[in-house]
Amino acid sequence: MNCHLRNKPRLLRRIAGAALLVLASQAQAFDLNSDSPIKVSADQARLDDAKGTAIYTGDVVVRQDGTELTADKVVLYREQGALNRIEAHGKPAHYTQPKTADTAKTDAEAMTIIYAAGENRITFIEKAVIHQDGNVFKGEEINYDTATRVVTASGSRDGNDQDGRVEMVIQPRQKTGGESGN
């Protein structure tokens, strides 16, 4: 494969795509098909069976196994008796996915975090930041499709935050004992 300067944009897109896949591999959210319960604690709660909503306010913590979501307000939506959407609002709201055998721990924050199970999507809105294994991904809105494992991001629309740009910090790949440097 020829790697001349004219191919540089293609190479940069591949590098950026690989970095997004590393970050995306962690954003699995809550497993609504799991046998593990989702536990919620808060200062106040309002359940509305007719609307299929549960609204929690005041130091809200949502946990399932090692996955945790903290926010000032969390709304759970049920459809046909099953939980299908979680919306978290905070200053900022925080999301943590624990380290697994295959992937590093992920920490994320945004003013609003929405997990839409039926749409296979997690959306981080306003001042969104995802940290994983030294890598950082920032944007005004970051969307992760949990089925296709595709991340899309956009910068600030008004240009006041982060100069209106998406930012990434990608750590170099760690060499193992048998690798040769290049």
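1. Glu87 is buried, with 14% relative accessible area. Buried means under 20% relative accessible area, exposed means over 50%, and partly exposed lies in between (1.4 Å probe, protein chains only). The model is predicted: local features need pLDDT of at least 70, side-chain atom pairs count only at pLDDT 80 or more, and totals for chains, interfaces and linings use all residues. Residues are numbered from 1 along each chain as its sequence is written, and side-chain values use heavy atoms, with hydrogens and water left out.

2. Which residue forms a salt bridge with Glu87? Arg85 does, and the closest N and O atoms are 2.8 Å apart. A salt bridge is a side-chain nitrogen of Lys or Arg within 4 Å of a carboxyl oxygen of Asp or Glu. Arg85 is partly exposed, at 23%.

3. How many salt bridges does the structure hold? It holds five. Side chains of opposite charge can pair when their charged atoms come close.

4. Arg121 and Glu119 also meet in a salt bridge, at 2.5 Å from N to O. Arg121 is partly exposed at 30% relative accessibility. Glu119 is partly exposed too, at 44%.

5. Arg46 pairs with Asp48 in a salt bridge. Their closest N and O atoms are 3.9 Å apart. Asp48 is buried, with a relative accessible area of 15%.

6. Now look at a loop residue. Gln80 sits between strand E4 (67–79) and strand E5 (82–97). Strands (E, at least two residues) are DSSP runs, numbered from the N terminus. Is Gln80 buried or exposed? Gln80 counts as exposed because its relative accessibility is 81%. Gln80 and Gly52 are 28 residues apart in sequence. In space, their C-alpha atoms are 8.6 Å apart.

Key
Helices (H or I, at least four residues) and strands (E, at least two) are DSSP runs, numbered from the N terminus.
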